[in-house]
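Here is a walk through a two-chain model, written for someone who would rather look at side chains than tables. Keep the viewer open as you read.

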Amino acid sequence: MNQHLLLQVVSKMMIPLIALFGFYVQFHGDFGPGGGFQAGVIVASSVILYALVFGIEAAKKAVPPSWVRIGMTLGVLIYGGTGVATWLLGGEFLNYTVFAPQSTHAAGQHWGILSVEIGVLCTVTFAMLAIFYAFASRMPDLSGEDW
Amino acid sequence: MMVHSLPILLMEIGFMAMLLVVALAVLRMRSLFAIVMLQGVYSLLCAAWFVSLDAVDVAFTEAAVGAGVSTVLMLGAMLLTDRDANPLPTKRKLGPLFVVIIMGIAMFYALGDMPAFGDAHSAVNTGVGAQYVQSTREEMFLPNVVTAVLASYRGYDTFGETVVIFMAGLGVVLLLGLNGNAGKWRAKPNGQSVAAPSQPPVKMAAAAKPVKTAAAKRKPVRRKSAKPKAGGTS
């Protein structure tokens with residue numbers, strides 16, 4: 001473990017920044033490049049970096065596999081649920097205007113886009129983690145000279 | 001047609017040359033670790049090239065998915081196999097070479113039908129595309145047209161994409177299990193069998209005996225296929 005000391009110290013500083021950048025990409029996606037897909041991958045990569053440096057077991061304590069299972073499904077449900085909500089409010093499937101029909105600056109569209117992007121973020125993050133966990137859990141523990 | 005300034009033109013030629021060099025290096029290499037890393041480099045070069053084509057959203061995705069996560073996932077998959085690729089006999093390279101040459105000729109043939117870069121009269125820049133670009137500001141009040149098209153105008157398609165990613169994750173989880181505990185298959189990197197997954201779930205302990213017998217049954221089968229003198233009929 002000691003041979004990775006430098007990596008561990010540097011990663012510990014980097015991981016929160018990477019996750020924070022992911023959320024910036026998520027919520028700034030309406031104004032700049034980015035959105036749910038990119039943000040989801042960036043947030044997942046912060047967890048994956050943690051797993052690479054501190055070990056898969058530590059990562060599974062931080063983000064348990066049960067969260068991964070639920071989060072992956074929840075994202076699709078949020079996206080689909082947004083569509084169903086527009087239905088119930090009397091519009092077409094995924095027609096966000098019904099969220100705020102009187103708005104003059106398309107607030108309904110903004111709410112709808114925010115909602116579906118959160119769904120995308122959820123699914124992408126946890127699907128990436130699911131694939132990583134599935135492969136990494138079968139990986140042998142490598143000693144340093146094995147590389 | 002849009003005319004590039006000379007520095008950008010040189011930069012694009014440079015990117016294409018580097019992509020070609022990396023692709024040729026991947027072809028020549030046998031070490032899977034180096035190949036996976038070079039694939040990451042290839043993705044990153046692609047991302048840089050997309051930026052120079054003004055496709056920042058695509059470049060962002062390519063850098064995050066192609067160079068970042070998929071490199072790690074490929075490494076994870078590689079660790080479960082051997083570290084070096086087996087050299088192929090030349091006879092088995094001829095078929096793929098033939099397919100690649102035919103595909104290349106077909107693509108160069110189709111190149112004549114492609115619109116020029118930045119052509120204002122191409123199918124993409126007229127019709128519904130132009131309509132989205134014009135109406136985003138009035139209907140959405142959003143500066144990023146890509147987000148408006150992706151999440152609102154084309155919300156159905158994005159829903160489909162989200163479901164596809166969900167299905168990909170679900171498929172891997174169903175096949176391998178989140179804790180690496182689905183099925184009895186164990187990786188044998190470099191011919192060495194690996195111990196049981198680092199944290200076997202508690203439930204497995206109760207059912208340890210049937211699993212063990214199943215593993216014992218499988219072992220001779222594997223040896224049979226390795227040594228035909230044991231009477232393997234496969």
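## Chain B overall

In chain B, take the contacts (heavy atoms within 4.5 Å) with a separation of 6 or more: residues 24 or more positions apart account for 49% of them. Chain B has 9 helices and 0 strands, where helices (H or I, at least four residues) and strands (E, at least two) are DSSP runs numbered from the N terminus. Of its 234 residues, 24% are buried; buried means under 20% relative accessible area, exposed over 50%, and partly exposed in between, with a 1.4 Å probe and protein chains only.

A word on the ground rules: this is a predicted model, local features need pLDDT of at least 70, side-chain atom pairs count only at pLDDT 80 or more, and totals for chains, interfaces and linings use all residues. Residues are numbered from 1 along each chain as its sequence is written, chains are lettered from A and ligands numbered from 1 in the order in which they are written, and side-chain values use heavy atoms, with hydrogens and water left out.

Helix 1 of chain B has 23 residues and should span 33 Å at 1.5 Å a residue, which agrees with the 33 Å between its end C-alpha atoms. The expected span is 1.5 Å times one less than the number of residues. Its buried residues are Glu12(B), Phe15(B), Leu19(B) and Val22(B), and helix 2 of chain B is part of what covers them. An α-helix has 3.6 residues a turn, so residues three or four places apart point the same way.

Helix 2 of chain B (residues 32–52) reaches 30 Å from its first C-alpha to its last, close to the 30 Å expected. Its buried residues, including Ile35(B), Leu38(B), Leu45(B) and Phe50(B), pack against helix 1 and helix 3 of chain B. After helix 2 of chain B comes Asp54(B), with a positive phi near 70 degrees.

## Helix 2 meets helix 5 in chain A

Over in chain A, 15 of the 19 residues of helix 2 are buried. The axes of helix 2 (residues 36–54) and helix 5 (residues 107–136) of chain A come within 7 Å and cross at roughly 35 degrees. Axes here are lines fitted to C-alpha atoms, for helices over the stretch in contact, and angles run from 0 to 180 degrees between N-to-C directions.

Among the residues making this contact are Val43(A), Val47(A) and Ala51(A) of helix 2 of chain A, and Val124(A), Met128(A) and Phe132(A) of helix 5 of chain A. The contact residues divide into 16 nonpolar, 3 polar and 1 charged. Ala, Val, Leu, Ile, Met, Phe, Trp, Tyr, Cys and Pro count as nonpolar, Asp, Glu, Lys and Arg as charged, and the others, Gly among them, as polar. Just after helix 2 of chain A, Gly55(A) has a positive phi of about 100 degrees.

## The nonpolar cores

A nonpolar core is a set of buried Ala, Val, Leu, Ile, Met, Phe, Trp, Tyr and Cys residues joined through side-chain atoms within 4.5 Å. The largest one has 51 residues, and Val124(A), Phe132(A) and Tyr133(A) are among those with the most contacts inside it. Helix 5 of chain A gives the most, with 16 residues.

What does Tyr133(A) touch? Not counting residues up to four places away in sequence, its partners include Val47(A), Val63(A), Val68(A) and, from the other chain, Leu178(B).
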